[in-house]
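Hi there,

I'm passing a structure over to you, with some notes on what turned up in it. Have a look at it first, then read on.

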Amino acid sequence: MSFLEYAPAPESTAILNLKSDYGLFIDGEFVPGHGKSFATISPATEKHIATIANANAADVDTAVRAARKAYDSTWSKLSGADRGKYLFRIARLVQERGRELAVAESLDNGKPIKESRDVDIPLVAAWFFYYAGWADKLDYAGLGAAPRALGVAAQVIPWNFPLLMLAWKIAPALAAGNTVVLKPAETTPLSALLFAEILQQAELPKGVVNILTGAGDTGQALVQHPDVNKVAFTGSTAVGRAIAKSVAGTGKKLTLELGGKAANIVFDDAPIDQAIEGIVNGIFFNQGHVCCAGSRLLVQENVHEEVVDRLKQRLSTLRLGDPLDKNTDIGAINSREQLDRIRELSDIGEAEGAERWTADCAIPENGFWFAPTIFDNVSTSSRIAREEIFGPVLSVLTFRTPAEAIAKANNTPYGLSAGIWSDKGSKILAVADELRAGVIWANTFNRFDPASPFGGYKESGYGREGGRHGLAAYLTTASLHDSVVETKAVAQ
Ligand code: NAD
């Protein structure tokens, strides 16, 4: 071992007290599922972690009924201040059990412990604290007169930030006075089940939050259930489109947080050292499994060579391996299916003529891994410039003028996020004004805050999560509610 290498520093799993089998969390209790149970495995080792219940349509119905009963009998009757107290309690318990949640998340998802410990779990707590504060102030949120809850919210989330996506969904829903049935992704159910234990610890009234594990058919049965009032989905654009079709005309309120292909634009006057760190954080954070990842680097032609050379040097220092090691920068790819997709698109990029460069790092024998990869000289028509790869793969394109950068950045069916790197504030503001992206970072990337709304344009979905705007998705106002009732009455 050279003096530049790090000795292994694995986080202990002793803090985890996992069960061998997990049921569905319905009406405050863990109960068996009626579908065929499945295993959740560690993507870093392919070892079995636990057996997970699978909710079929009948289980979905039981959970929605429990949520409806809890809404009618308990949750809608509580004052905002009392709902807030439960949310504060949940936030504190998340903090108290933070280390355990971080270890569970890294084990089940494959993300480095330093990310789950320092980013995901603190943000989960922050989201609950933030929305706890709103629960008794809805009248002052500027969302219309006498805002009120919608009823039962059906929520379906992906595997890339399992507990954080859960927090983004559950915290505003409960603060606004709704009850919830949530389905985590099939490859990462563990932290949602530990969260269910936290809800028991917090003595949240039974049925206010129900957690159903299962795959796409469980999600489909949930969003199509006739007694849900609100559907909130985060995941792929293809599934989002199918959900939008199935919800159309039902009167259910819908928000969709879908895919992205963000441009990270580096001008020649940018602070290059910072930009390199920002590019690395933009696409290699969480193995690139980030909807708002800066997966398209647009770099001004006169600094292109310098930026790419320095990026390669920086990527050569990243450590890939055991997600539970505190030194690890790049963890495991979440599943074999995702690894196959990353490999397939990368091969296509090479076949289409882009120059492929991969960091030289040892790949562990078991598990799913993909070394950080850069494609240079990518053309705008190439599939790796247009499609979401959702892995540690960066496509590099060049531009000469701000107008060309803007045109190239907007040349995508997506519109979730973007980054701009420049020393000149006026240039940043002028370019940001022209970009069709829901979130734009300037001289930074992948920063999240519960007070800041997040969401996309075009095929990246609609609706916003976070901030005051995030509450709007879970509320109706007296005037809106009355006009819907009137329209229905006229239609009848
Ligand atoms: P996915 O769409 O395959 O699955 C997401 C969830 O939907 C899972 O829980 C899955 O079981 C469920 N599901 C699958 N088919 C369904 C159906 N027909 N009806 C209802 N539910 C169904 O996506 P994924 O592969 O898990 O996640 C990756 C995608 O999520 C990427 O495209 C990424 O960009 C996107 N994402 C977006 C955001 C955002 O905020 N915009 C955040 C994270 C991830």
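Which residues does phenylalanine 88 touch, not counting residues up to four places away in sequence? They are Phe129 and Ala132, where contact takes C-beta atoms, placed from the backbone, within 7 Å.

Before the rest, two notes on reading this. Residues are numbered from 1 along each chain as its sequence is written. This is a predicted model, in which local features need pLDDT of at least 70 and side-chain atom pairs count only at pLDDT 80 or more, while totals for chains, interfaces and linings use all residues.

Back to phenylalanine 88, which sits in helix 2 (residues 80-96); helices (H or I, at least four residues) and strands (E, at least two) are DSSP runs, numbered from the N terminus. Phenylalanine 88 is partly exposed, because 17 other C-beta atoms lie within 10 Å (20 or more would be buried, 12 or fewer exposed, and in between is partly exposed, with C-beta atoms placed from the backbone). From valine 396, phenylalanine 88 is 308 residues away in sequence and 44 Å away in space, C-alpha to C-alpha.

Seven strands make up an open sheet with mixed pairing, in the order 14-15-16-13-12-17-18; two strands pair if DSSP finds at least two bridges between them. Strand 14 (355-358) and strand 18 (439-442) are the edges, each pairing on one side only. From one strand to the next, the twist averages 20 degrees. Strand 15 (residues 373-376) and strand 16 run parallel and are joined by three bridges, and isoleucine 374 has leucine 394 in strand 16 as its bridge partner.

Helix 10 (residues 304-315) packs on this sheet, touching strand 12, strand 13, strand 14, strand 15 and strand 16. The direction of helix 10 makes about 165 degrees with that of strand 15 (axes are lines fitted to C-alpha atoms, for helices over the stretch in contact, and angles run from 0 to 180 degrees between N-to-C directions).

Helix 13 (residues 402-410) has Ala405, Ile406 and Ala409 as its buried residues. They lie on the same side of helix 13 because they cover an arc of only 95 degrees around the axis, the arc being that of the directions from the helix axis to the C-beta atoms. Among the elements they pack against are strand 12 (263-266), strand 17 (417-421) and helix 14 (425-434).

Elsewhere, strand 4 and strand 5 form a hairpin with six residues between them. In the turn, glutamate 46 has a positive phi of about 65 degrees.

Best wishes

Definitions and conventions:
Two residues are in contact if their C-beta atoms, placed from the backbone, lie within 7 Å.
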